[in-house]
Amino acid sequence: MSHSAVSNPSSASSVTEPSLSDDDVQAVDRLGRLTQQLRDELARVIVGQRETVDLLLVCLFARRHALLMGVPGLAKTLLVSKLAETMSLQFSRIQFTPDLMPMDITGTDILQDNGDGRREFQFAHGPVFANIVLADEINRAPPKTQAAMLEAMQEQRITVVGKGFDLPPPFMVLATQNPVEQEGTYPLPEAQLDRFMALIELDYPSEEEEIAIARTTTGGRLPELQHLMTAENIIANQDLVRRIPVPDHIYTEAAQLVRKTRPAGGTAPSWLLPLVSWGAGPRAVQDLILGAKSHAALEGSYMVRTEDVRAVAQPVLTHRLITTFAAQAEGMSARDIVARLLEEEG
């Protein structure tokens with residue numbers, strides 16, 4: 001567990017926010033310890049995937065949403081449901097299909113008997129009314145349905161037949177996309193991808209992990225996990241994350257890194273120009289800073305450092321770059337381009 005100094009005379013002048021109060025320092029310490037407990041608890045059911053768990057926690061405490069990418073069978077649904085279990089949060093899974101309609105997600109008015117012989121419309125809540133919503137294979141639903149989900153993500157409320165309904169806090173959407181079987185799917189447009197703070201890519205497990213998976217999943221029932229947090233705790237820690245101080249030079253570093261992804265404007269390195277047709281927008285800078293604050297707090301640190309920005313840069317930037325045909329021909333993915341930018345940053 002790494003700790004930064006609460007107040008450092010040499011860096012005090014470069015910090016735009018005030019230092020943390022004593023109560024906040026103790027809260028960060030508690031959150032750091034709790035993060036380790038959460039990792040240990042989830043490890044009872046989820047084999048490996050430590051980095052995935054950490055990124056999910058970063059997004060949750062940053063009050064943001066995430067996109068999970070991986071081939072079928074990598075326990076994405078199990079991971080998300082068990083994360084909700086340890087947090088004492090209500091979990092909902094929506095399987096996106098080509099015939100899924102917006103009202104299947106949000107809910108709709110239905111005609112009900114009110115007990116005295118009359119009928120009236122009552123709103124039946126849809127599966128989006130949960131704390132953690134898994135939007136499974138979001139790219140299989142048509143754009144109208146994707147838009148309903150993204151309105152809920154952005155506004156944390158939905159509108160049905162002209163009436164607005166607030167969604168319960170904390171609210172987090174984890175959407176999955178399978179990188180295979182793209183035929184008959186509706187890939188998310190770039191503007192909608194930008195709504196997700198991070199793209200979390202899951203890879204195949206190692207041989208040892210695969211053996212351990214077979215061992216734990218082909219026996220008896222999976223163990224029930226300990227409830228380590230409540231919704232109120234999570235909201236309090238989300239507020240705490242926002243108060244983590246950020247030195248001025250970190251804001252500059254984050255902005256410069258994002259600007260290097262944009263081929264127009266003269267801020268990108270020359271090697272990137274033929275590889276990227278569209279770079280990351282201003283929301284990427286916001287998410288880099290928020291992600292870095294969340295990462296710092298989860299590590300038990302009282303101030304954002306360059307290492308925190310670098311830790312979240314890959315998942316925050318990768319899905320926001322649109323590569324050119326030349327990049328695809330060279331076998332250069334957006335992930336490779338971000339990795340090279342970070343390497344040059346040193």
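This is a predicted model: local features need pLDDT of at least 70, side-chain atom pairs count only at pLDDT 80 or more; totals for chains, interfaces and linings use all residues.
Author: Let us start with a handy rule: the expected span of a helix is 1.5 Å times one less than its number of residues.

Reader: How far apart are the end C-alpha atoms of α11, and what should its residues span?

Author: With 17 residues at 1.5 Å a residue, α11 should span 24 Å, and its end C-alpha atoms are 25 Å apart, so the two values agree.

Reader: What does helix α9 reach from its first C-alpha to its last?

Author: Helix α9 runs over residues 231–242, which makes twelve residues. Its reach is 17 Å, close to the expected 16 Å.

Reader: Is Gly 291 buried or exposed?

Author: Gly 291, a residue of helix α11, has a relative accessible area of 0%, so it is buried. Leaving aside residues up to four places away in sequence, Gly 291 touches Val 58, Met 197 and Val 312.

Reader: Which residues of α9 are buried?

Author: They are Ala 231, Ile 234, Asn 237, Gln 238, Leu 240 and Val 241. Asp 239 also lies in helix α9, but at 32% relative accessibility it counts as partly exposed.

Reader: What do the buried residues of α9 pack against?

Author: They pack against three helices: α2 (22–42), α3 (50–61) and α11 (282–298). You can follow this with single residues. Asn 237, in helix α9, is buried with a relative accessible area of 11%. Its contacts, not counting residues up to four places away in sequence, are Leu 31, Phe 61 and Met 229.

Reader: And why does Gln 238 count as buried?

Author: Its relative accessibility is 4%, so Gln 238 falls in the buried class.

Reader: Where is Pro 170 found?

Author: Pro 170 is in the loop between β7 (163–166) and β8 (172–177). Look at the peptide bond that joins Pro 169 and Pro 170: it is cis, with omega about -10 degrees.

Reader: Now, how do I describe two packed helices?

Author: You give the angle between their axes and the distance between the axes. Here, the axes of α2 and helix α4 (residues 76–86) come within 10 Å and cross at roughly 130 degrees. The two helices are therefore oblique to each other. Their crossing is right-handed.

Reader: Which residues of α2 and α4 make the contact?

Author: From α2 come Leu 38, Glu 41 and Leu 42, and from α4 come Lys 82, Leu 83 and Thr 86. By kind, the contact has three nonpolar residues, one polar and two charged.

Reader: One last feature: phi. Where is Ser 88, and what is its phi?

Author: Ser 88 sits in the loop between α4 and β2 (91–95). Its phi is near 60 degrees, a positive value in a residue other than glycine. Ser 88 is partly exposed, with a relative accessible area of 32%.

Reader: What phi does Gln 156 have?

Author: Gln 156 is not a glycine either, and its phi is positive, about 55 degrees. Gln 156 lies in the loop between α6 (143–155) and β6 (157–160), and at 28% relative accessibility it counts as partly exposed.

Reader: And what is the phi of Gly 300?

Author: Gly 300, which follows α11, has a positive phi near 80 degrees.

Technical notes
Residues are numbered from 1 along each chain as its sequence is written. Side-chain values use heavy atoms; hydrogens and water are left out. Helices (H or I, at least four residues) and strands (E, at least two) are DSSP runs, numbered from the N terminus. Buried means under 20% relative accessible area, exposed over 50%, partly exposed in between (1.4 Å probe, protein chains only). Contact means heavy atoms within 4.5 Å. Axes are lines fitted to C-alpha atoms, for helices over the stretch in contact, and angles run from 0 to 180 degrees between N-to-C directions. Angles under 35 degrees count as roughly parallel, over 145 as roughly antiparallel, 65 to 115 as roughly perpendicular and the rest as oblique. A crossing is left-handed if the near helix is turned anticlockwise from the far one by less than a right angle, and right-handed if clockwise. Ala, Val, Leu, Ile, Met, Phe, Trp, Tyr, Cys and Pro count as nonpolar, Asp, Glu, Lys and Arg as charged, and the others, Gly among them, as polar.
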